[in-house]
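Here is a quick briefing to read alongside the model. Keep the viewer open and follow the points topic by topic.

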Amino acid sequence: MEAVLETLYEGVVDGDMELAQEKVQEALDAGIGPGRILNDSMIAAMAEVGQLFEDGEFFVPEMLIAARAMAGGMAILKPYLSEGDVQSPGKVVIGTVKGDMHDIGKNLVAMMLEGAAFEIVDLGTDVSPDKFVEAVKDSGANVVAMSALLTTTMTNMANTIEALQEAGLRDKVKVMVGGAPLTLDYANKIGADGYAPDANQAVANAKSMLGFD
Ligand code: B1M
């Protein structure tokens, strides 16, 4: 891996936002593609942070400052993730489900969808089933995208699908789910229309669910 990507990796793990932002820009200036910067360096760094937490070497504050550095770097990358002037394939209501505060993956998915010209209604984190329902009603969105990072919160995806059903909206929207603990099996089990393991795949799925292949 190029030295700049290694330093960026360390910057994210150490929670050094200034260094992370500087290195993202340096990598872009060196002609390294945004996808490589994200996947090979920044997302890999967050996986290392998770491992350090599991090993008892990092605690919640370290995870938080690493997340802040990651978000800072993502802000620099955002304009480079756009596909340019294309027709909007649809409107997406996106959020991290109730009880869950993790938003980096959700923000990345939102950013990539926005880059692919989707209109985005971002509900943030800790989003209750009722809030999803309300947002679909208010916005007329045709996709609901839910993220969960905890095994204890992914069950709220099923609750949200049920709430959409009860509100008579289930056949008006496609539901896509994702997040580290999710699997295609689980997505099928809860009656989602799509599952994506990463942000690129989320864009491809959202397009294909709406007939834009
Ligand atoms: Co948390 N945390 N955390 N954490 N945290 C994990 C998820 C954990 C795996 C760490 C570990 O133990 N190894 C573990 C969960 C265990 C489990 O349930 N199996 C965990 C835990 C336990 C906790 C707390 C309970 C810790 C505590 O308080 N004792 C607590 C819970 C708080 C809560 O939510 N209620 C907690 C808190 C936090 C912080 C707030 C400190 C911070 C989040 C800050 C933030 O998001 N703003 C944090 C962090 C940073 C992590 C890790 C280290 C990194 C997550 C991340 O941002 N990854 C994480 C470890 C890990 O994931 N290995 C961990 C980078 C991001 C780009 O990846 O989000 O997976 P990810 O998104 C990917 C794909 O999953 C996919 O695309 C993205 C891009 O490729 N994707 C979608 C995501 N959403 C999608 C939606 C889609 C499609 C694809 O369609 C709609």
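A word on angles before we start: under 35 degrees counts as roughly parallel, over 145 as roughly antiparallel, 65 to 115 as roughly perpendicular, and the rest as oblique. This is a predicted model, so local features need pLDDT of at least 70 and side-chain atom pairs count only at pLDDT 80 or more, while totals for chains, interfaces and linings use all residues. Residues are numbered from 1 along each chain as its sequence is written, and side-chain values use heavy atoms, with hydrogens and water left out.

**The sheet**

- Five strands come together as an open sheet with parallel pairing, in the order β2-β1-β3-β4-β5.
- β2 (119-122) and β5 (194-196) are the edge strands; each has a single partner strand, so one side of each is left without a neighbour in the sheet.
- On average, neighbouring strands here are turned by 25° against each other, direction ignored.
- Strands and helices are DSSP runs numbered from the N terminus (helices: H or I, at least four residues; strands: E, at least two), and two strands pair if DSSP finds at least two bridges between them.

**Strand β3 and its partners**

- β1 (residues 91-96) and β3 (residues 143-147) run parallel and are joined by 5 bridges.
- Along that pairing, Ile-94 sits opposite Ala-145, and Gly-95 has Met-146 as its bridge partner.
- β3 also pairs with β4 (residues 174-178), again in the parallel sense and over 5 bridges; there, Ser-147 is partnered by Gly-178.
- As for cover, 5 of the 5 residues in β3 are buried (under 20% relative accessible area; exposed is over 50%, partly exposed in between, with a 1.4 Å probe and protein chains only).
- Val-143, Ala-145 and Ser-147 are on one side of β3, with Val-144 and Met-146 on the other, and both faces are covered.

- α6 (residues 129-139) lies across β1, β2 and β3, running at about 160° to β1.
- Such angles run from 0 to 180 degrees between N-to-C directions, using axes fitted to C-alpha atoms, for helices over the stretch in contact.
- α6 packs against α7 (residues 155-166) at about 45°, with the axes 8 Å apart; the two helices are therefore oblique to each other.
- At the meeting point, Pro-129, Phe-132, Val-133 and Val-136 from α6 face Asn-159, Thr-160, Ala-163 and Leu-164 from α7, contact meaning heavy atoms within 4.5 Å.

**A closer look at Ile-161**

- Ile-161 belongs to helix α7 and counts as buried at 6% relative accessibility.
- Beyond its neighbours within four places in sequence, Ile-161 touches Met-146, Arg-170, Val-175, Ile-190, Gly-191 and Ala-192.
- Val-175 is 14 residues from Ile-161 in sequence, with 7.8 Å between their C-alpha atoms.

**Two positive phi values**

- Most residues other than glycine have a negative phi.
- Ala-117 has a positive phi of about 80° though it isn't a glycine; Ala-117 is in the loop between α5 (104-115) and β2, and is buried, with a relative accessible area of 17%.
- Asp-126, also not a glycine, has a positive phi of about 55°; Asp-126 is in the loop between β2 and α6, and counts as partly exposed at 34% relative accessibility.
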